[in-house]
Amino acid sequence: MYTQGLDQKQKTDKSAAESEEQLVHFQARVDAEEKIEAKDWMPAAYRQTLVRQISQHAHSEIVGMLPEGNWITRAPTLRRKAILMAKVQDEAGHGLYLYSSAETLGVSRDEMVDQLLTGRAKYSSIFNYPTLSWADIGMIGWLVDGAAIMNQIPLCRCSYGPYARAMVRICKEESFHQRQGFDILVSLSKGSDAQRRMSQASLERWWWPALMMFGPGDADSKHSAQSMAWKIKRFSNDELRQKFVDVTVPQAEHLGLKIPDPDLRWNEETGHYDFGEIDWEEFYQVLKGNGPCNRERLGARRKAHADGAWVREAARAYAAKAKDRQAAA
């Protein structure tokens, strides 16, 4: 989910000489499960990979507020509205934790935000799909946050300390988010025929994009092996995708929902579910900016950034006055 942009061509800063001895010592520390901290020496490629992955993760949390925020005013009950507001607020907090984590690598928050707003940085492809019904809010919690948790729990053991520590709290909150989504779908499954049809239609829209969240297949994921060697990632894209399918199919059966995949079947020999081929052309088109809501999502973020300019200016002015008062004291 947070490495989708890593399979594009990367530019690595090699201005600082990296000796073979340094590289070997660094890998030995990683292999020994030592945490790499912000002031430690690290290869330029390791730093660049982390900046791209963590900033993409942060962007995904911020942009991910939009599809759900669209339903805050239309939630069916006051309780559902309050829960959804808390969830969207959590996502904003996750973005801030992650921007702070990325800043320890020497990149500024302004630079990261500018990369998002200009389209130079990626965020998870899943957030470029529309939320057409209340069932979609349940589906985001159950499927999207479920896939996110599958990605994020191993990140709690990431070799880079600031990222790993940020993920501990994020994972706790994402677990609540998944339960919130599943609870919505349980309620709909006990409702009217129209509500059950709404849930099924939602699953048919979100199932395949959810599987795409794990990124390209291992054969096409050029940087996955290196990220795993550095213990940034602990599992490959295909391993995580398979775990997600194995966990999710029984949950769908409990909800009375049918997975929209005619090739889905349990394989006794492997002990896993077999599933159909993903439409990777759709995935790459969404990544290129041609998804259903790409322009809408970036447009909303650009507007929010412009509308908040006065707040940033006021904060800078206040900080400058406070600094002057302190200097004069």
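**Entry 1**

I looked up R196 and found it partly exposed at 34% relative accessibility; I took buried as under 20% relative accessible area, exposed as over 50%, and partly exposed as in between, with a 1.4 Å probe and protein chains only. The model is predicted, so I kept to its thresholds: local features need pLDDT of at least 70, side-chain atom pairs count only at pLDDT 80 or more, and totals for chains, interfaces and linings use all residues. Residues are numbered from 1 along each chain as its sequence is written, and side-chain values use heavy atoms, with hydrogens and water left out.

R196 forms a salt bridge with D193, with 2.4 Å between the closest N and O atoms; the term requires a side-chain nitrogen of Lys or Arg within 4 Å of a carboxyl oxygen of Asp or Glu. The two residues lie three apart in helix α8 (residues 193–212), which means about one helical turn between them. D193 is partly exposed, at a relative accessible area of 49%. I took helices as DSSP runs of H or I with at least four residues, and strands as runs of E with at least two, numbered from the N terminus.

**Entry 2: other salt bridges**

I noted a count of 17 salt bridges by this rule. One of them pairs E37 with R165, whose closest N and O atoms are 2.8 Å apart. This pair links distant parts of the chain, 128 residues apart: E37 sits in the loop between α1 (20–31) and α2 (44–63), and R165 in helix α7 (residues 161–189). E37 is partly exposed at 27% relative accessibility, and R165 is partly exposed at 49% relative accessible area.

I then examined D307 and K303, whose side chains meet in a salt bridge at 2.7 Å, N to O. They are four residues apart in helix α12, and therefore separated by about one helical turn. D307 is partly exposed at 44%, whereas K303 is exposed at 54%. I also recorded a network in which salt bridges with shared partners join E68, K87, E91 and D145.

**Entry 3: second largest pocket**

I read the volume of the second largest pocket as about 420 Å³. Of its 17 lining residues, R109, V113, R301, H305 and R312 are the closest to its centre. The elements giving two or more residues to this lining are α4 (78–103), α5 (109–117), α12 (294–307) and α13 (309–328). A pocket here is an open set of points on a 1 Å grid over the protein atoms alone, where a 1.4 Å probe fits, with protein on both sides within 12 Å along at least five of seven lines; lining residues have an atom within 4 Å of a point.

Methods. Points joined across faces, edges and corners; volume = space filled by probe spheres on them.
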